[in-house]
Amino acid sequence: MEKYKRQEVSPVEEENERNENYKAGNPQIDSNRTNRNYHLVTPPPTYLEFINARIATLTLKRKLRSDAVYMNSYVLTSDKEFFTELPLTAEKEFFKDCVKFFADKYGAENIISAVVHKDETTPHLHLNLVPITNGKLCSKDLYDRKKLSELQTEFYEKVGKKWGLERGKFKSGAKHVTAAEYKAQKIVEEAEQQSERINAENKPYQEALEQAKKGNYAWTPGGLKKQAIAATAEAIKTKKENEDLTKRLDVSMDEALRYAKKADSAAENAAKGKRAMELLAKLQRENPEAYEQLIHPTPKPKSNTNFKF
């Protein structure tokens, strides 16, 4: 769950409600599949218009604070295996159940938009709502640590259990992660899975390459072909994978670190910073080239042209 102040609402709207012309800063987004995204709650002309209209119905005793939270956002999903085996009709029913849960709990009149993104690695629902309770705008009253834990349990009982999902361990000490941190973790996991698949698929070629490196050249046309393919593909594959992973982690780690700075307290800030550093350490171990490029990017060549911004 993320909390957004007034000035932060529009950028979130742009990312959530993107179309085929949206210029994605996130390399995970495949613009060729953006037309597969679909709404379960149709968005208003703008998120802020909807929020202002809802606030206008309230009888407020005082002016809203400048740092008031105007919108709370959730990302609802499961693992890739869950969606792989799920027909599209069932997928939509799952996400409809998610929306109904939040509508019943917080009021359908407070839901700004609910959009399913199909143009990233795993289908997921972005649900945005105005945090109104007891006739006032107050995110803190709805989402303190205790209520968030209770919300997880209630969501599992009413939605997760129906779909055969498992709830995280209760009071396990696990910390809330931001959407940016979640995406960064998913990228690392996907890279690991991709590496395992590639290793399995290329095992015959790798064995042939190792034999060739030792001077044990194949005597059959098929064996020689495997050695030639392996020798040619190894450098190309490694370079492409490093470039791709570097771009994706560059964006996600920037997001994770930026959100870490927005933590509500020093303790939360330290915890988020620790998780970001753990991800960096993991990247350093598993992909040193991508890590070096992320930490020490290649400087852009200087230009004599003067620009004004």
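Reader: Which residues of helix H6 (residues 145-160) are buried?
Author: The model is predicted. Helices (H or I, at least four residues) and strands (E, at least two) are DSSP runs, numbered from the N terminus. Buried means under 20% relative accessible area, exposed over 50% and partly exposed in between, with a 1.4 Å probe and protein chains only. In H6 the buried ones are Leu151, Phe155, Val159 and Gly160.

Reader: Which strand and which helix are included in what covers the buried residues of H6?
Author: Contact means heavy atoms within 4.5 Å. The cover over the buried residues of H6 includes strand E3 (69-76) and helix H4 (88-106).

Reader: Which residue caps the N-terminal end of H6?
Author: Look at the backbone nitrogen of Lys146. A side-chain oxygen lies 3.3 Å from that nitrogen, and the oxygen belongs to Asp144.

Reader: What pLDDT do side-chain atom pairs need to count?
Author: Residues are numbered from 1 along each chain as its sequence is written, and side-chain values use heavy atoms, with hydrogens and water left out. Local features need pLDDT of at least 70, totals for chains, interfaces and linings use all residues, and side-chain atom pairs count only at pLDDT 80 or more.

Reader: Within what arc do the buried residues of H1 fall?
Author: In H1 (residues 6-16), Val9, Val12, Glu13, Glu15 and Asn16 are buried. Gln7 and Glu14 are exposed on the other side of H1. The buried residues line one face of the helix, because they fall within an arc of 160 degrees.

Reader: With which side chain does the side chain of His126 make a polar contact?
Author: His126 lies in strand E5 (residues 124-129) and counts as buried at 8% relative accessibility. Leaving aside neighbours within four places in sequence, its contacts include Glu15, Asn16 and Tyr74. A polar contact is a pair of N or O atoms within 3.5 Å; within protein, one must be able to donate a hydrogen and the other to accept it, and residues adjacent in sequence count only if both atoms are side-chain atoms. At 3.4 Å, the partner of His126 is His117.

Reader: What separates the C-alpha atoms of His126 and Val116?
Author: His126 and Val116 are ten residues apart along the chain. Their C-alpha atoms are separated by 6.3 Å.

Reader: Which residue's side chain is joined to that of Thr34 by a polar contact?
Author: Thr34 lies in the loop between H1 and strand E2 (38-41). At 4% relative accessibility, Thr34 counts as buried. A polar contact of 2.8 Å joins its side chain to that of Asp119.

Reader: Which residues line the largest cavity?
Author: On a 1 Å grid over the protein atoms alone, a cavity is a set of points where a 1.4 Å probe fits but cannot get out; lining residues have an atom within 4 Å of a point. The largest cavity has a volume of about 30 Å³, where a volume is the space filled by probe spheres set on points joined across faces, edges and corners. Its lining is Arg18, Asn19, Tyr22, Ala24, Ile29, Ser31 and Thr34.

Reader: Is Asn134 buried or exposed?
Author: Asn134 lies in the loop between strand E6 (132-133) and strand E7 (136-137). Its phi is near 55 degrees, a positive value in a residue other than glycine. At 72% relative accessibility, Asn134 counts as exposed.

Conventions:
1 Å grid on protein atoms, 1.4 Å probe; cavity = no way out; pocket = protein on both sides within 12 Å on 5 of 7 lines; lining within 4 Å. Arc of directions from axis to C-beta.
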